[in-house]
Amino acid sequence: MGLLVTLASPSLHADATPMASDIEFSFRRLTPAAQRHIRVFQIHQFLDRFAMGLTVSVVALALVDRGMDLFQISLLFAAYSVTALIMELPFGGLADNIGRKPVFLTAVSASLISLALFLSSSDFYVLSLSFAFIGFGRALRSGTLDAWFVEHFREKAQNVDVQPALAKAQWANGMGLAFGAIVGGWLPDAFGTVATQFGFSAYDVAYMASFAMMTMVLLYTVFTITEEPRPLHPKALWLGFTNVPVVVRNSGFLALRHPALSLLLAALGLLLMATNPVEVLWPTHLKPMLEGDHANTVIGMLTAACFFSIAVGASLSPHINRLFKRRDAVTLSVALVCLAVLQIALALQGDIVGFACILVLYFVFLGVGETPASSILHASVENHQRSTMLSLRSLVQQLGATIGLIFVGAIAEGYSTPVGWMVGTAFVVSALLLTVLLAWRLRESG
């Protein structure tokens, strides 16, 4: 749900809804070609997310090591968010026009440029460019190879339910992020001293490893992802940009015609304003609590635990929803109450054990809230409106993340990180009020 998570983990949002005639998924009964297709994509997802996970756990610490203050760190993440916000809409249909593989390879190239820029400088403006390239790559990556996987799977396994196949890919995705975060935290502790002897930062070891892994992803994509070349349309990119005002206008009108959608989108925007500063800044707040030579390893392991916690929360969400008679807005409201309480509790923690426990619970409820929010959105639109509304949701969330990072980051730098988080709780409470109103509106209309 959050910016740092989406930075590392582009969502699998290809149209994977099974048809009524789909037969039950069984990996053993699939054709060898379909089995190989799943394995190739699983390995690809693991390698790609492992490469990203190597830097996720240490990025804020690496920036502090480069002399950045908390406000500058927030601005750098905002640069990523704004770039993704601007680029995601015009690039949304580019893969449909020129092919999934070339667009993904361009995204990997953008990631390599970002890593090279980060390793080359400690200058704020160069680092801003590095984060902008991350946003550019994120906009290109979004759903690109996921759509390739679904299309080719349906060719190789006709009328077979594709969702379990996607679940296998999502599992590999999560494992890659988790193990990448653990290794990325361990590398500075294990080889940081050697790196400093050669004039590098201890955290540069994780970035060098990420660069090597991303190069491997590039080569793996070139040699294992097969796709029929599509004729290049020089006007495709230009049409993507010229269609942005139309997409924004249509999605805006759609939200205005559906007050429930307007309430939901506003609530999600406010929620991101509060949660993203927690996701970005918690390693910098936790690091002084840790002692010894394994502080970065602990942060890497806790980052992995946060990824797992989101998955646990998502799996618990349907069970919690049943407790509230499948009223998605009520379930979302309960998740927001818990997030508000946990964010305050997190700000008040002064020891590693208490902080780690509260942080893990915080990410669990982030996962709990994701499913009901998506269910409300999808239940409120028709198929021909779905892509438009998903684009608007992405825009609103990126905008909320940007505003929250700048606002809370400034407070954190001027006062302290806990003060910034506690002020940010007001955004969660505001989102809660909107979801309560949404629950009442849905009950009245139902």
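The following dialogue explains how to read several features of a predicted model.

Me: On what basis are the values given?

Reply: Residues are numbered from 1 along each chain as its sequence is written, and side-chain values use heavy atoms, with hydrogens and water left out. As the model is predicted, local features need pLDDT of at least 70 and side-chain atom pairs count only at pLDDT 80 or more, while totals for chains, interfaces and linings use all residues.

Me: How is a helix read, and how many residues does α10 have?

Reply: Helices are DSSP runs (H or I, at least four residues), numbered from the N terminus. The expected span of a helix is 1.5 Å times one less than its number of residues. Helix α10 covers residues 204–224; it has 21 residues and reaches 30 Å from its first C-alpha to its last, close to the 30 Å expected.

Me: Which residues of α10 are buried?

Reply: Buried means under 20% relative accessible area, exposed over 50%, and partly exposed in between (1.4 Å probe, protein chains only). In α10 the buried residues include D204, Y207, S210, M214 and V217. An α-helix has 3.6 residues a turn, so residues three or four places apart point the same way. M208, also in α10, is partly exposed, with a relative accessible area of 35%.

Me: Which residues form the nonpolar patch on the surface?

Reply: Such a patch joins nonpolar side chains (Val, Leu, Ile, Met, Phe, Trp, Tyr) within 5 Å, from residues with over 30% relative accessible area and no salt bridge. A salt bridge is a side-chain nitrogen of Lys or Arg within 4 Å of a carboxyl oxygen of Asp or Glu. Here W186, F191, V194, F198, F200 and M208 form the patch, with about 600 Å² of accessible area together, by the Shrake-Rupley method with a 1.4 Å probe. Helix α9 (residues 163–197) supplies the largest share, 3 residues.

Me: What is a nonpolar core, and which residues have the most contacts inside the largest one?

Reply: A nonpolar core is a set of buried Ala, Val, Leu, Ile, Met, Phe, Trp, Tyr and Cys residues joined through side-chain atoms within 4.5 Å. The largest has 107 residues, and L63, W282 and W421 have the most contacts inside it. Helix α13 (residues 259–286) gives the most to this core, with 16 residues. A second, separate core has 6 residues, among them V56 and F307.

Me: Where is K325 placed?

Reply: K325 lies in the loop between α14 (295–323) and α15 (328–348). Its phi is positive, about 55 degrees, although K325 is not a glycine. K325 is exposed, at 68% relative accessible area.

Methods:
Helix = DSSP H or I, 4+ residues; strand = E, 2+ residues; numbered from the N terminus. Patch = residues over 30% accessible without salt bridge, like charges linked within 9 Å, V, L, I, M, F, W, Y side chains within 5 Å.
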